[in-house]
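Welcome! Please take a moment to look over the sequence and the structure below before reading on.

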Amino acid sequence: MNEFDIVLVEDNRHDVELILDNFRELSINRSIFPVKDGKEAVDLFFGTDGPLIGNERLLPKLILLDLKLPKVSGLEVLKRLKTDERTKNIPVVVFTSSNELNDRVESYLLGANSYIVKPLDADEFRDYIGRIVTYWLMMNKTVFN
């Protein structure tokens, strides 16, 4: 695995394509690594063969995390990320279709840095992607930049 700016944890292929298309449309020159379910995300960061183990320079600058994932839920992925010393400082933006109060509360209790409900309108969706990247990768200063 090469160094990536963003890890996208999303099981909906349409949303993955929409996000990647918006990156191209907005001329966002950031590398993105999509994973299709929660288990793949956990394995990426914590698996014994995971490429990120012991290699901090490969850690992404941002994680976009859907909540409704197969195999391992987004909340469980978030919990693992925020309780591990190696990954707890990576900003995690929950980007999900769920606007349920319980999901929002639980996400913030587990350490989410932001919770954004995916808009249904394509133009608004593109605007959200642009704003997320602008804020989290260009404006926001973390311990990594």
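Is arginine 13 buried or exposed? Arginine 13 is exposed, because its relative accessible area is 73%, and over 50% counts as exposed. Keep in mind throughout that this is a predicted model.

## The overall layout

Let us step back to the whole chain. There are 5 helices and 5 strands, and starting from the N terminus they follow the order β-α-β-α-β-α-β-α-β-α. The chain has 145 residues, and 46% of them count as buried.

Contacts also link parts that lie apart in sequence. Among contacts in the chain with a separation of 6 or more, 66% are made by residues 24 or more positions apart.

In soluble globular proteins, nonpolar side chains tend to be buried together. Here, the largest nonpolar core contains 21 residues. Val7, Val9, Phe45, Ile63, Leu65 and Leu81 are the ones with the most contacts inside this core. Two or more residues each come from strand S1 (6-9), helix H2 (38-46), strand S3 (62-65), helix H3 (74-83) and strand S4 (92-96). H2 gives the largest share, with 5 residues.

## Helices H2 and H3

Two packed helices are described by the angle between their axes and the distance between the axes. For H2 and H3, the axes come within 9 Å and cross at roughly 15°. Angles under 35 degrees count as roughly parallel, and H2 and H3 are therefore roughly parallel to each other. The crossing of H2 past H3 is left-handed.

Which residues of H2 and H3 meet? On the H2 side they are Gly38, Ala41, Val42, Phe45 and Phe46, and on the H3 side Val77, Arg80 and Leu81. Sorted by class, the residues of this contact of H2 with H3 are 6 nonpolar, 1 polar and 1 charged.

## Helices H1 and H5

Now turn to helix H1 (residues 13-25) and helix H5 (residues 122-139), whose axes come within 10 Å and cross at roughly 70°. That angle makes H1 roughly perpendicular to H5. From H1, the residues Leu18, Ile19, Asn22, Phe23 and Glu25 meet Phe125, Arg126, Ile129 and Val133 from H5. The contact of H1 with H5 has 6 nonpolar, 1 polar and 2 charged residues.

Arginine 13, where we began, has its place in helix H1.

Next, look for serine 107 in helix H4 (residues 101-109). Serine 107 counts as buried because its relative accessibility is 0%, and buried means under 20%. Which residues is serine 107 in contact with, leaving aside its neighbours within four places in sequence? They are Leu67, Leu75, Leu78, Val94, Ala112 and Tyr115. Finally, visit lysine 71, in the loop between S3 and H3. Lysine 71 counts as exposed, at 66% relative accessibility. Although lysine 71 is not a glycine, its phi is positive, at about 75°.

How values were computed: Residues are numbered from 1 along each chain as its sequence is written. This is a predicted model: local features need pLDDT of at least 70, side-chain atom pairs count only at pLDDT 80 or more; totals for chains, interfaces and linings use all residues. Side-chain values use heavy atoms; hydrogens and water are left out. A nonpolar core is a set of buried Ala, Val, Leu, Ile, Met, Phe, Trp, Tyr and Cys residues joined through side-chain atoms within 4.5 Å. Buried means under 20% relative accessible area, exposed over 50%, partly exposed in between (1.4 Å probe, protein chains only). Helices (H or I, at least four residues) and strands (E, at least two) are DSSP runs, numbered from the N terminus. Axes are lines fitted to C-alpha atoms, for helices over the stretch in contact, and angles run from 0 to 180 degrees between N-to-C directions. Angles under 35 degrees count as roughly parallel, over 145 as roughly antiparallel, 65 to 115 as roughly perpendicular and the rest as oblique. A crossing is left-handed if the near helix is turned anticlockwise from the far one by less than a right angle, and right-handed if clockwise. Contact means heavy atoms within 4.5 Å. Ala, Val, Leu, Ile, Met, Phe, Trp, Tyr, Cys and Pro count as nonpolar, Asp, Glu, Lys and Arg as charged, and the others, Gly among them, as polar.
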